[in-house]
Amino acid sequence: MHRTPGFPLSRRGLIRTGAGASLALLGLGAGAQTAAADVATTKRFDLTQPSYDLFRSKDTHGPRVQQSFAFDWVNKYLFIATKRDGSPESAGDLCINKMDFDGNYISYMHLNGFGHGVAFAALPSGSETELWIECAANTNGYGTALAPIRYAPNTTLGSPAAAAAYQPIAGATEYTCSVDPVYQRMIVRYHTSAGKRIAVYPLSAFQTRSFGSPLADFKQPSIPGTPQGYTLYGSYMYYLTGDAYPGDGTPTGDGNSYVTSIDINTGTVKQGPVLTKAGSTLHHREPEGLAIYRTDAGEARLFIGFATGEEGDRRSSIFYKNALI
């Protein structure tokens, strides 16, 4: 294990937070609402339809639970973020696992001090992958900026300071993101003094490091349950909530994992929360992560992740829905 030399971040397009930051740079005021009509209405996933297996109970580099996952849709790899073994929750230490689509482990990358790993994006960059992920973890272990990280197998990287990364929302204190590879957009969930908000950008804003105004910006609607991930497909956000099976993790009923769709043009719930029974017989079964992928045959899929298995040997299990309405 060794530390990767340097941190390749362009400073172009950087927007700092703080007293000197201007919300006008983003076209937002203190009470900014949804940028309605900027995102054309698309089909959405019918959350009441069945889920199908991608894989079950696959081993990752470390023994702790997965937090989220993301697809590099060009190079055909899956990246799974897990908590670092032996690190406290507040440290923000993550392990990124590179997998194939059958769930076979390939390599890892350790990211020290980056964040909680609720969501991230894996953008194809030639034959390599650029991870857009939270960084500069605060004392609660949540990232305070977003950084593009070139995936480098079997290495360890320390987090950059927030000032050396990207803070596209003036006044925000925490960030995560997820990508819509079909409609080429990035969704950002950020925290302000008034609570959680959602912003949607063209993917090109992240590729060029020049953010400008978001296509949509709205207050996250109130949805019951423990937040466990989110993603974007077209004009709808998908939001995952729930908990592991209680006690020793023995399967009890169908669990309490729910998926909700949200119209990003109105900031309101479209469908749900809808109970998902995917993998209901698996041990532990803690919902962890959502992501979008479109197959080579053109089928769009909403993927739902679960941390499963025994304590000290947690595994990754991933399912998907494919019915659009």
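In this predicted model, strands E10 and E11 pair in the antiparallel sense, and seven bridges join them. Strand E11 covers residues 185-192. Within this pairing, Cys 177 stands opposite Val 188 of E11.

The two strands belong to an open sheet of four strands, arranged in the order E10-E11-E12-E13 with antiparallel pairing. Its edges are formed by strand E10 (174-180) and strand E13 (216-219), each of which pairs on one side only. On average, neighbouring strands of this sheet are turned by 20° against each other, direction ignored.

Strands E10 and E11 also take part in the lining of the largest pocket: E10, E11 and strand E14 (227-233) each supply at least two residues of that lining. The volume of the largest pocket is about 240 Å³. Its lining comprises 17 residues, and those closest to the pocket centre are His 116, Val 118, Tyr 142, Arg 189 and Lys 196.

The protein as a whole contains one helix and 20 strands. The table gives further values for the entire protein.

| Property of the protein | Value |
|---|---|
| Share of the 325 residues that count as buried | 57% |
| Share of contacts between residues at least 6 apart in sequence that join residues at least 24 apart | 58% |

Methods. Residues numbered from 1 in each chain as written. Predicted model: local features only at pLDDT ≥ 70, side-chain atom pairs only at ≥ 80, totals over all residues. Heavy atoms only, no water. Buried < 20%, exposed > 50% of the residue type's maximum accessible area, 1.4 Å probe, protein only. Contact = heavy atoms within 4.5 Å. Pairing = 2+ DSSP bridges. Axes fitted to C-alpha atoms, helices over the stretch in contact; angles between N-to-C directions. 1 Å grid on protein atoms, 1.4 Å probe; cavity = no way out; pocket = protein on both sides within 12 Å on 5 of 7 lines; lining within 4 Å. Points joined across faces, edges and corners; volume = space filled by probe spheres on them.
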